[in-house]
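Here is a short briefing for a first look. Start with the whole chain, then move to single residues.

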Amino acid sequence: MQRASVPPALTLIVASLSAGTAPLSPQGPGSVQNPGGLQLLVAEQNAEPTLRIVLPGHPESDRSIEVLFPEHVTGMRHGSNTAEHLYLFRPGQQGQRPAWRRIGKTLEYERDLPGAVHMLARATLEDDGVRFHYEFHNQSDVPYNMIYAVTDPRLTSMFRDVRLERTYVHHRDGFDLLASETPSRLSIALSQWLPSRYLASFTWPVPAQLVERRADGITYYNKSRSVDQPLIATLSTDRRWVVASFARETGNVWSNPELTCQHVDPQAPLAARGEAVLEVKILVFPGSLEDVLQRVVQERRSLR
């Protein structure tokens with residue numbers, strides 16, 4: 001899914017994934033819970049870092065909201081036009097399980113990545129959702145023009161929205177369905193609609209080609225209007241609950257409707273011997289789209 005958030009001109013290569021994490025604790029972190037009953041816990045079915053956000057009153061096994069934390073880490077070194085994966089999620093028991101730590105309402109781990117980059121990944125349960133925090137420390141003399149981590153919430157059950165009938169973005173004149181410009185998605189066969197990605201620009205220019213079927217067989221749809229907030233929100237089937245991802249800044253927001261994922265992934269330069277901090281927040285609460293907008297306006301500037 002990385003092609004939807006990396007400018008199309010970049011070629012992607014995969015770096016070695018052999019780097020691991022020194023063990024910090026043999027004990028699992030358990031779970032954390034906020035006053036409203038929302039839980040955050042480590043999903044044990046994957047060795048690679050995966051979190052589960054569980055609604056109040058739901059069993060810990062509920063997989064309605066699972067977050068790959070992250071799905072990949074991608075960087076582009078200075079002097080190169082090629083982006084490379086420094087980390088790439090693998091499902092199941094592949095890869096190396098991190099040594100999780102629990103500190104208050106925070107679950108975190110650290111990992112050494114190829115290219116002499118050290119990453120601290122921290123997820124903090126707040127009253128209205130989860131804040132995802134990444135710190136990158138460049139331990140080499142080679143700077144990165146760009147680095148980012150893809151926080152990948154995958155929604156199922158009451159939040160699954162394959163035809164994007166309940167997934168919204170915000171324009172200057174208010175909320176609109178992300179895929180409102182493709183009404184045929186509601187009636188065509190799923191084999192024609194999927195696989196696809198639907199994107200809306202925030203700081204990046206709207207592409208001249210709004211619909212593009214790429215060689216990988218995926219159709220990319222670009223909304224013709226930019227959004228005015230870096231957020232994407234999905235309502236539950238009964239429209240009582242909302243899951244919404246937002247960042248302080250991002251190039252675009254987008255979804256893979258088959259997974260009903262939400263992407264608002266920010267990027268930052270990483271200087272030689274320097275550090276970069278990136279954050280994304282996922283709101284999870286019972287409420288309306290207007291409630292989402294109010295919280296994003298209030299909280300967005302607190303993100304890094």
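The chain holds 2 helices and 23 strands. Its radius of gyration is 19 Å, close to the 19 Å that the globule rule gives for 304 residues, so the chain is as compact as a globular protein of that length. This is a predicted model.

**Overall build**

- The C-alpha trace spans about 50 × 50 × 35 Å along its principal axes.
- Of the 304 residues, 57% count as buried.
- Take the contacts with a separation of 6 or more: residues 24 or more positions apart account for 64% of them.

**Surface and charge**

- The chain has an accessible surface of about 12500 Å². Carbon and sulfur atoms contribute 49% of that surface.
- There are 32 positive and 33 negative side chains. The centres of the two sets lie 2 Å apart.

**Aromatic rings**

- A pair of aromatic rings is described by the distance of the centres and the angle of the planes.
- The whole structure contains 9 aromatic pairs.
- In one of them, the rings of Y134 and F136 have centres 6.4 Å apart and planes at 10 degrees. Planes under 30 degrees apart count as stacked, so this pair is stacked.
- Y134 has 1% relative accessibility, and F136 has 0%. Buried means under 20% relative accessible area, so Y134 counts as buried, and F136 counts as buried too.
- W193 and Y198 form a tilted pair, with 6.5 Å from centre to centre and 45 degrees between the planes. Both W193 and Y198 are buried.
- Ring pairs also link F69, W100, Y109, F132, Y134 and F136 into a cluster.

**A closer look at E279**

- E279 sits in strand β23, which covers residues 275-286.
- E279 has 6% relative accessibility, so this residue counts as buried.
- Which residues does E279 touch, leaving aside its neighbours within four places in sequence? The contacts are R131, F132, H133, A247, P266, S302, L303 and R304.
- One of these contacts, F132, is also a member of the ring cluster.
- G92 is 187 residues from E279 along the chain, and the C-alpha atoms of the two are separated by 26 Å.

**Backbone exceptions**

- Most residues other than glycine have a negative phi, and most peptide bonds are trans.
- The bond between F69 and P70 is a cis peptide bond, with omega about 0 degrees. P70 is in the loop between β5 (65-68) and β6 (72-77). F69 is also part of the ring cluster.
- The peptide bond from L194 to P195 is cis as well, with omega near -5 degrees. P195 lies in the loop between α1 (190-193) and β16 (196-201).
- A116 is a residue other than glycine with a positive phi, near 60 degrees. The loop between β9 (106-113) and β10 (117-126) holds A116. Its relative accessible area is 31%, so A116 is partly exposed.
- R273, likewise not a glycine, has a positive phi near 60 degrees. This residue lies in the loop between β22 (268-270) and β23.
- Is R273 buried or exposed? Exposed means over 50% relative accessible area; R273 has 54%, so R273 is exposed.

Methods: Residues are numbered from 1 along each chain as its sequence is written. This is a predicted model: local features need pLDDT of at least 70, side-chain atom pairs count only at pLDDT 80 or more; totals for chains, interfaces and linings use all residues. Side-chain values use heavy atoms; hydrogens and water are left out. Helices (H or I, at least four residues) and strands (E, at least two) are DSSP runs, numbered from the N terminus. The radius of gyration is taken over C-alpha atoms; the globule rule is 2.2 Å times the number of residues to the power 0.38. Buried means under 20% relative accessible area, exposed over 50%, partly exposed in between (1.4 Å probe, protein chains only). Contact means heavy atoms within 4.5 Å. Accessible areas come from the Shrake-Rupley method with a 1.4 Å probe; for residues, only the protein chains shown count as cover. Lys and Arg count as positive and Asp and Glu as negative; His and the chain ends are not counted. The place of a charge is taken as NZ of Lys, CZ of Arg, CG of Asp or CD of Glu. Rings of Phe, Tyr and Trp (its six-membered ring) pair if their centres lie within 6.5 Å; planes under 30 degrees apart count as stacked, over 60 as edge-to-face and the rest as tilted.
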